[in-house]
Amino acid sequence: MNKWKISFLILLIINIVIILTIFAFMLIPNKPLEEDGTNKIASAEAIPFLIKTQKNSLTDLINHYLEEETAQENLQYRVELKENVHVYGVIEAFNKEINMTMILEPKVKSDGNMQLLVKELSIGRLKLPVSYVLKYMNTNYDLPKYVKVDTGNNLINIQLDELKFKNGYTARAESFNLVNDDITFTLYVPLP
């Protein structure tokens, strides 16, 4: 697999997590505040907003984003959130279109960061050794500082606590359980 294709897959995974975080925050209504008789806002540097979504909505959103952002004719990808994150694509190699499949198991760490276990990576029917591909990626690609690859455990760690959006927002994953359709993030909005 070409270097730029592997790099694109990694960036795709990163974009998916970031997009999931941002759109989850925008699509899920907040729970109503309980009345306690006061109208005071606690003094803090940022106000947290809890955002929840379902995997069907998130799947539609991710695939819409991929259609808009991947206008290259030789790159075709789609994501399905099932019991795991399934990334399906077609890559062109040797003037032939070849199917690509990547299966990721998402997990929320106790510190609010995301962890993606790469369970399977295959081109056509050939399953590639995940640890080798991750090691190659980690050594040869300039990944964002908030993406940490653990080649020994086949993990991609997304350090959300190191990621700050342009508007100053930060995020923390609360749950990402695809089996129970429980996807929740906290968005921290800084006070002016």
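**View 1. The hairpin of E5 and E6 in this predicted model.** Two residues lie between the strands of this hairpin, and Gly124 there takes a positive phi near 60°. Strand E6 comprises residues 126–127, and two bridges join E6 to E5 in an antiparallel arrangement. Across this pairing, Ser122 stands opposite Lys127 in E6.

**View 2. The hairpin of E4 and E5.** Here five residues lie between the strands, and Gly112 adopts a positive phi near 90°. The two strands, E4 and E5, are antiparallel and pair over nine bridges.

**View 3. Strand E5 and its pairing with E8.** Strand E5 spans residues 114–123. Its pairing with E8 is antiparallel and consists of four bridges. Leu117 stands opposite Leu155 in E8. Of the ten residues of strand E5, seven are buried, so the strand is largely enclosed by the rest of the structure.

**View 4. Thr101 in strand E4.** Strand E4 covers residues 96–108, and Thr101 belongs to it. Thr101 has a relative accessibility of 18%; because buried means under 20%, Thr101 counts as buried. When neighbours within four places in sequence are left aside, Thr101 is in contact with Val87, Tyr88, Glu120, Leu121 and Ser122.

**View 5. Gln159 in the loop between E8 and E9.** The loop that holds Gln159 lies between strand E8, residues 155–158, and strand E9, residues 170–177. Gln159 is buried, with a relative accessible area of 11%. Apart from neighbours within four places in sequence, the residues in contact with Gln159 are Lys109, Asn113, Tyr146 and Lys148.

**View 6. The aromatic pair of Phe176 and Phe185.** A search of the whole structure finds one aromatic pair. Phe176 and Phe185 form this pair, with 6.2 Å from centre to centre and 70° between the planes. The arrangement is edge-to-face, because planes over 60 degrees apart are classed in this way. How accessible are Phe176 and Phe185? Phe176 counts as buried, at 6% relative accessibility. Phe185 is likewise buried, at 1% relative accessibility.

Conventions
Residues numbered from 1 in each chain as written. Predicted model: local features only at pLDDT ≥ 70, side-chain atom pairs only at ≥ 80, totals over all residues. Heavy atoms only, no water. Phe/Tyr/Trp six-rings, centres within 6.5 Å; stacked < 30°, edge-to-face > 60°. Buried < 20%, exposed > 50% of the residue type's maximum accessible area, 1.4 Å probe, protein only. Contact = heavy atoms within 4.5 Å. Pairing = 2+ DSSP bridges.
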